[in-house]
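Please keep the sequence and the model in view while reading.

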Amino acid sequence: MSDDRRLVRELVRAHGRTFAEEAGIPLKDTPQPLYRLLVLAHLLSARIRGSIAVDSARALYEAGLRDPRRMADADWQDRVDALVRGGYRRYDERTATQLGDAAELLIDRWGGDLRRLRREADGDVRELRRLLREFPGMGPAGADIFLREAQLVWPEVAPYLDDKALSGARRLGLPEDPDRLTELAGSTEPAVLAAGLVRASLDKEVAEDSLRRAA
């Protein structure tokens, strides 16, 4: 086994947990899990710790704001309060507004179902990314986060290794070519590979631990 292949194996074994899994989202190609992933991607794209974004996504779910209709119909203060319970304080008021507006857009344009957005893109990943960015508060980072995770159930997206994932590969001394990384990962799901690489990019200790395990 090559050194790079061993390193990728140890990375995904120890740190390949997707962010959807961490947030308690049983990701499937059905409306509610996809919507919960959209909310999670929105929260993760802010300049806060990932753990706070995950906790806030859970808090919104526990408050009953688990689909676009409930999110849109909720009182603005209820959205703020749920975000604050999750620790999402710095951007809570703006984000509460954006989540409500994004839910309204999803309902009005795609009937509350992100699978319709997927069909509109018709297999074009660039178009899919562009459409995702139409949601209030979903910039390039948020769209990338969504697609990195959604490739688990939307196979036409895979392999989706964006700049954040490739920066993790660089920190680990791995090739920065998505096809080569996918090859090194073997049968590992690209979403799991991406999650491990992103965690290595965000946390130097993850990278050091993976290198130590592979030594």
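## A buried arginine

R79 lies in helix α6, which covers residues 76–85; helices here are DSSP runs of H or I with at least four residues, strands are runs of E with at least two, and both are numbered from the N terminus. The model is a predicted one, in which local features need pLDDT of at least 70 and side-chain atom pairs count only at pLDDT 80 or more, while totals for chains, interfaces and linings use all residues. Residues are numbered from 1 along each chain as its sequence is written, and side-chain values use heavy atoms, with hydrogens and water left out.

Buried means under 20% relative accessible area, exposed means over 50%, and partly exposed lies in between (1.4 Å probe, protein chains only). A salt bridge is a side-chain nitrogen of Lys or Arg within 4 Å of a carboxyl oxygen of Asp or Glu.

A polar atom of the R79 side chain lies 2.9 Å from the backbone oxygen of M71.

## The chain as a whole

The chain has 14 helices and zero strands. Its radius of gyration is 17 Å, close to the 17 Å that the globule rule gives for 215 residues, so the chain is as compact as a globular protein of that length. The radius is taken over C-alpha atoms, and the rule is 2.2 Å times the number of residues to the power 0.38. Along its principal axes, the C-alpha trace spans about 55 × 35 × 25 Å.

Of the 215 residues, 51% count as buried. Among contacts between residues at least 6 apart in sequence, 63% join residues at least 24 apart. The chain exposes about 10,100 Å², of which carbon and sulfur atoms supply 43%; the areas come from the Shrake-Rupley method with a 1.4 Å probe, and for residues only the protein chains shown count as cover.

Helix α10 is mostly covered, with nine of its eleven residues buried. These buried residues pack against α2 (19–22), α3 (31–44), α8, α9, α11 and α13 (190–202). One of them is E149, which has 3% relative accessibility. Not counting residues up to four places away in sequence, E149 touches T18, F19, A20, L27, L37 and A191. The C-alpha atoms of E149 and A41 are separated by 8.9 Å, although the two residues are 108 apart along the chain.

The loop between α10 (140–150) and α11 (163–172) contains P159. A cis peptide bond joins A158 and P159, with omega about -5 degrees. Another loop, between α8 (114–121) and α9 (125–132), holds D122. Phi of D122 is near 55 degrees, a positive value in a residue other than glycine, and D122 is exposed, with a relative accessible area of 67%.

## Salt bridges

Side chains of opposite charge can pair when their charged atoms come close. The structure holds 20 salt bridges, including the following.

| Pair | N to O distance |
|---|---|
| R69 and D73 | 3.1 Å |
| D162 and R148 | 2.8 Å |
| R212 and D209 | 3.4 Å |

R69 and D73 are four residues apart in helix α5 (residues 68–73), so about one helical turn separates them. R69 is partly exposed at 42% relative accessibility, and D73 is exposed, with a relative accessible area of 52%.

R212 and D209 are three residues apart in helix α14 (residues 204–214), so they too are separated by about one helical turn. R212 is exposed, with a relative accessible area of 56%, whereas D209 is buried at 14% relative accessibility.

A network of salt bridges links R109, E120, E127, R130 and E134.

Terms used: A polar contact is a pair of N or O atoms within 3.5 Å; within protein, one must be able to donate a hydrogen and the other to accept it, and residues adjacent in sequence count only if both atoms are side-chain atoms. Contact means heavy atoms within 4.5 Å.
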